[in-house]
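Below are some notes for a colleague who has the sequence and the coordinates at hand.

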Amino acid sequence: MLEALLEGFIQLAEPFRLAMLGLGVLIGLAVGIIPGIGGTVGFALVLPFLMHFDPTAAIAMLIGLVAITTTSDTITCVLFAIPGTGGSVATIIDGHAMARKGEAGEALAAAFLASAIGGVFGAVILAMSIPVARPLVLQFGSPEFFMLSILGISMVAVLSGRRPLKGLMAAGLGLLLATVGGAPTVCIFRYYFGIPYLYDGIPLVLIALGVFALPEIIDLVIRKMPVAGAFRLGKGAAMTGMRHVLKEIPLVLRCAGLGTYIGFVPGMGTSVANWIGYGHSVQSAKDKSGFGHGDIRGVIGPESANNAARGGELIPTLLFGVPGSGSMALFLMGLMMFNLRPGTDMITVHLPLTFTIVWSLLIANVVGAVICMFLARQLAWFTTIPIHVLAPFLMMVVITAAFQASRDWGDLILLLLLTLVGWSFKQFGFSRPAFIVGFVLGGIAEVYLWISVQRYGMAWLLHPWVIGIILLMIASVIVSIIWQRKGQHPVDEGGG
Amino acid sequence: MKLVPSIIYTAVIVLLTALAVFYAKDWPFQARAFPWLAGITTATLGLLLVVTDIRRLAMGHRLEVTSGQQADIESGYDMAAWSTYKKFARVFGWILVLYAGIWLVGLRVAVVAFFIAYLRLEGRLRWFLIVPLTALMVLFLVYFDQLLAVHWPRGIMGQWLGIKWL
């Protein structure tokens, strides 16, 4: 295990791979700071261009990108009360309040350092979970992995949408769409409607671009985002902010622990971790009067939690093939593009690569926080770019990226159709993360199902772990529905 | 979200899913099992949703009931407003125009022309801003072309005229 840990670092330490990691961090900083873009869209934009790269370098870049969006998104939160991504909304409460008091620099410095510590904590937990989970994963066979796929899909479906039924429907539609193309066990092409382009199914990257990227760009244009004006950071506040973090280290670590746990649960993600971190910061404080009016703990707690959540999300994604969120589903997509199967392979044959991912996460969090610390003012400038300048540029990138899938006009036509699907899903409350998870896992799940049936007949349903996972799935769905029903109200705000 | 548009949208999904299930009826069992599992489950859930929402509508409610939690990115505007559809159609129209340009003259030329037209007509920028921004865009295209060896869709004019880069 230690050898693999070291080998993972040595594999990453090649100049080209480090450069790719650095590039991923820079792209992650840019997409994190522009409201409405975020890690998922960033993934969708870069994935098509990485297909011909060395897998280790490409994966380092993807990790660099996703690790840092929850650091850079703080800038717009604090300065403009605009969340860069969904994982930073809670930070606005006290972060922007501090900016209004002229303490923006202090808030940002504290947020960046807390993010770095939280991110490193998440990476360490990820590394430590590998030897712990390894015996368990090695016991799993195709029946267990099939059930884990269904568990992951059901949890993301129920937790990630406003209505569990719509989330489950979205996941079901993703599963259905994954069946387009050649069937895995018989020689027949499904749902190709006589179009040769569809023989190989729908390219993964088109799902990402069409369902996420282009609808978000269209939404930005409709909302005329980003809207940001002048800002002041203040001078000399960085050291004060960092001192606050060092003083509140127990809070940082507790929130990082909570964030890692939240990230581990499929369907929760950084947005929930951010709020849980804020809630814990308030609850654990002796004097709560400052919260909501610019208490720095209201920045430190949520920022530590949301960065740590990324490490947590990677645990089920890498070890069990169950992506915890939309961005992890796309990361899983990236792994599959390089023929890397999550689960057993990632802790045996590709164990050094798994540790490369850990090192990438660790380094990206530190490097990203340092860059943010020095370049916050310059990065904030991105948010002042009018959307009418940004939109055509992003459209060009998306369309070019889509064409790389099969280099066929079918890619562009499918992109348009999927954009209509993605945009309407968003407007009518169907969970796109659930749809993507269903699509990504659909192919794998079907293969596992048929292997299980061929090896064990129907007796695979009686395997102890299978029964355990089924019970866990039923329990989690019921608990989620009950929990969500407690928070029910008619939609009359935001989201349509 | 208002109930009526939501019901209609869900009903359309149920119909399409049911058609997909029906389409698979003549396939061998091993080919149709998974699509049927996914399709029948989805259609059933959709019917349940439609029935629940119609009952709410009959009781006089006009809005959906939700948990208020959304892990997806929020829209921030009213989907039911006609102006939203018009804005969407406008942006989508621009994408279709870009597609028409790509079909005609290939992506490289189409994207530059689209960029200029969009900045001028939608962004209402002045030429002294459009020119340097377009130059930046062209540099980016060159980067894509030279460094990433990206493939570009060719236009029919390039094929008719025998111009390789068009």
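1. A:Trp359 has a relative accessibility of 23%, and because this value falls between the 20% and 50% cut-offs, the residue counts as partly exposed. The model is a predicted one, and the remarks here should be read with that in mind. A:Trp359 sits in helix H16 of chain A, which covers residues 351–381.

2. Which residues does A:Trp359 touch, leaving aside those up to four places away in sequence? They are A:Leu5, A:Gly8, A:Phe9 and A:Leu12. With A:Leu5 there is also a polar approach, in that a polar atom of the A:Trp359 side chain lies 2.9 Å from the backbone oxygen of A:Leu5. As for A:Thr270, which is 89 residues from A:Trp359 along the chain, the two C-alpha atoms are separated by 20 Å.

3. A:Ser115 belongs to helix H6 of chain A, spanning residues 104–139, and it counts as buried because its relative accessibility is 0%, where the cut-off for that class is under 20%. Not counting residues up to four places away in sequence, A:Ser115 touches A:Thr70, A:Thr71, A:Glu303, A:Asn307 and A:Asn365. One of these partners, A:Glu303, is joined to A:Ser115 by a polar contact between the two side chains, at 3.2 Å.

4. Turning to chain A as a whole, its secondary structure consists of 20 helices and three strands. Its radius of gyration is 22 Å, close to the 23 Å that the globule rule gives for 496 residues, and chain A is therefore as compact as a globular protein of that length. The C-alpha trace of chain A extends over about 70 × 55 × 50 Å along its principal axes.

5. Of the 496 residues in chain A, 64% are buried, and among its contacts between residues at least 6 apart in sequence, 80% join residues at least 24 apart.

6. What is the secondary structure of chain B? It comes to six helices and one strand, and the order of elements from the N terminus is α-α-β-α-α-α-α. Buried residues account for 43% of the 166 residues of chain B, while 58% of the contacts in chain B with a separation of 6 or more are between residues 24 or more positions apart. Chain B exposes about 9,100 Å², of which carbon and sulfur atoms supply 72%.

7. Two backbone angles deserve a look when the model is inspected. Most residues other than glycine have a negative phi. A:Arg407, however, has a positive phi, near 55°; this residue is placed in the loop between helix H17 (387–403) and helix H18 (409–427) of chain A, and because its relative accessibility is 37%, A:Arg407 counts as partly exposed.

8. In chain B, B:Arg124 likewise has a positive phi, near 50°. Its position is in the loop between helix H4 (107–121) and helix H5 (127–147) of chain B. Is B:Arg124 buried or exposed? With a relative accessibility of 65%, B:Arg124 lies over the 50% cut-off and so counts as exposed.

Key: Residues numbered from 1 in each chain as written. Chains lettered and ligands numbered in written order. Heavy atoms only, no water. Helix = DSSP H or I, 4+ residues; strand = E, 2+ residues; numbered from the N terminus. Rg over C-alpha atoms; globule rule 2.2 N^0.38 Å. Buried < 20%, exposed > 50% of the residue type's maximum accessible area, 1.4 Å probe, protein only. Contact = heavy atoms within 4.5 Å. Polar contact = N/O pair within 3.5 Å; in protein donor to acceptor, adjacent residues only side chain to side chain. Areas by Shrake-Rupley, 256 points an atom, 1.4 Å probe, with all protein chains shown as cover.
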